[in-house]
Amino acid sequence: MSIHADEAIVLSATPYSNTSLIATFFARKEGKIRVVARGARSPKSKIGVGLEPATRVQAEWSMPTGKDLGTLRYCETISVFHHLWSDMEAMRLTGRILKTMDRVFGAHEGQEEHYEWLAVALEALDSGAEAGSIGALFMAGLLKRLGIAPELSYCGSCTKKPGEERAVFDVESGELRCSRCELPAGQAVRLRAGSVMALGEAVGIAPEKIRSLRFHASIQGEIIQLVRALISFHLGVSLPAQGPRAE
């Protein structure tokens, strides 16, 4: 049995019994952890109020050796992203981001750069940044931090240099193909020229610049489609659906 303490963002909290919850955190240094929050559903509990999704907390927990489910000992709210729950589009995107982190990372997986990227995206949404662009930027930046960022130089087949034309990304080979070359036999994602350029910017964007880029909805969709395909291919993980966009 070991005792841990870390800053964390709550990914989810689900009922475990009449009085308890199972909370999933993404911690700054510890990565993804799951803990039982005993008594958190009790009206007198001081812990349950800090276990709302997307809340930033300071937590302490015990973890049995070799196990993936610990016990929460202490939880204090550091900050709450209030705007996320007052704007429908921000709320939907927040839910997809939290589920993505939960599915991509296993128990005890994740590093501080992943925590910081999650926090930056939530802070940007909370400040009122356009949700669709933040979603595309977050997903593209996550690829880089997972070590599976795409190679975006044309063309993997004919060595053609980037130009103002559509392209096809071959997920298996990790290469872009120009419109004149034979299409790959495996899974492919079609990208307009603007999407190729936007994806290159999104993958390499610095955290402090995440609020500065905005993409058209069609470009956002193509970026997300490619990210989903790459994560599925490399990690075997199916990400949450986009869901309807708010008008």
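How many residues does the hairpin that joins β1 to β2 pass through? The hairpin runs through five residues, and the tour returns to it below.

**Before starting**

This is a predicted model, in which local features need pLDDT of at least 70, side-chain atom pairs count only at pLDDT 80 or more, and totals for chains, interfaces and linings use all residues. Residues are numbered from 1 along each chain as its sequence is written, and side-chain values use heavy atoms, with hydrogens and water left out.

**The whole chain**

Five helices and eight strands make up its elements (helices are DSSP runs of H or I with at least four residues, strands are runs of E with at least two, and both are numbered from the N terminus). Read from the N terminus, the order is β-β-β-β-β-α-α-α-β-β-β-α-α. The radius of gyration is 20 Å, close to the 18 Å that the globule rule gives for 247 residues, so the protein is as compact as a globular protein of that length (the radius is taken over C-alpha atoms, and the rule is 2.2 Å times the number of residues to the power 0.38). Along the principal axes, the C-alpha atoms fill a box of roughly 65 × 40 × 30 Å.

The accessible surface is about 12,100 Å², and 48% of it belongs to carbon and sulfur atoms (areas come from the Shrake-Rupley method with a 1.4 Å probe; for residues, only the protein chains shown count as cover). Of the 247 residues, 49% count as buried (buried means under 20% relative accessible area, exposed over 50%, and partly exposed in between, with a 1.4 Å probe and protein chains only). Among contacts with a separation of 6 or more, 61% are between residues 24 or more positions apart (contact means heavy atoms within 4.5 Å).

Colour by charge. The protein carries 29 positive and 28 negative side chains, and the centres of the two sets lie 4 Å apart (Lys and Arg count as positive, Asp and Glu as negative, and His and the chain ends are not counted; each charge is placed at NZ of Lys, CZ of Arg, CG of Asp or CD of Glu).

Select residues 21–27. Why is β2 described as largely enclosed by the rest of the structure? Seven of its seven residues are buried, so the strand is largely enclosed. In a regular strand the side chains alternate between the two faces of the sheet. In β2, Leu21, Ala23, Phe25 and Ala27 point one way, Ile22, Thr24 and Phe26 point the other way, and all are buried.

β1 and β2 pair in the antiparallel sense over seven bridges (two strands pair if DSSP finds at least two bridges between them). At one place in this pairing, Pro15 stands opposite Leu21.

A hairpin of three residues joins β2 to β3.

**Strand β4**

Move to residues 56–63, which form β4. Six of the eight residues of β4 are buried, and the strand is mostly covered. With β1, β4 pairs in the antiparallel sense over eight bridges, among them the one between Ile9 and Arg56. With β5, residues 69–79, β4 forms seven antiparallel bridges, and Gln58 stands opposite Glu76. Five residues lie between β4 and β5 in their hairpin, where Gly66 in the turn has a positive phi of about 80°.

**Two loop residues with positive phi**

Select Ala54, in the loop between β3 and β4. Its phi is near 75°, a positive value in a residue other than glycine. Ala54 is buried because its relative accessible area is 1%.

Then select His108, in the loop between α1 (88–104) and α2 (112–126). His108 has a positive phi of about 70° although it is not a glycine. At a relative accessible area of 38%, His108 is partly exposed.

**Last stop: Glu172**

Finish in the loop between β6 (167–170) and β7 (175–178), where Glu172 lies. Is Glu172 buried or exposed? With 57% relative accessibility, Glu172 counts as exposed. Beyond its neighbours within four places in sequence, Glu172 is in contact with Gln187 and Phe233. Cys155 is 17 residues from Glu172 along the chain, and their C-alpha atoms are separated by 15 Å.
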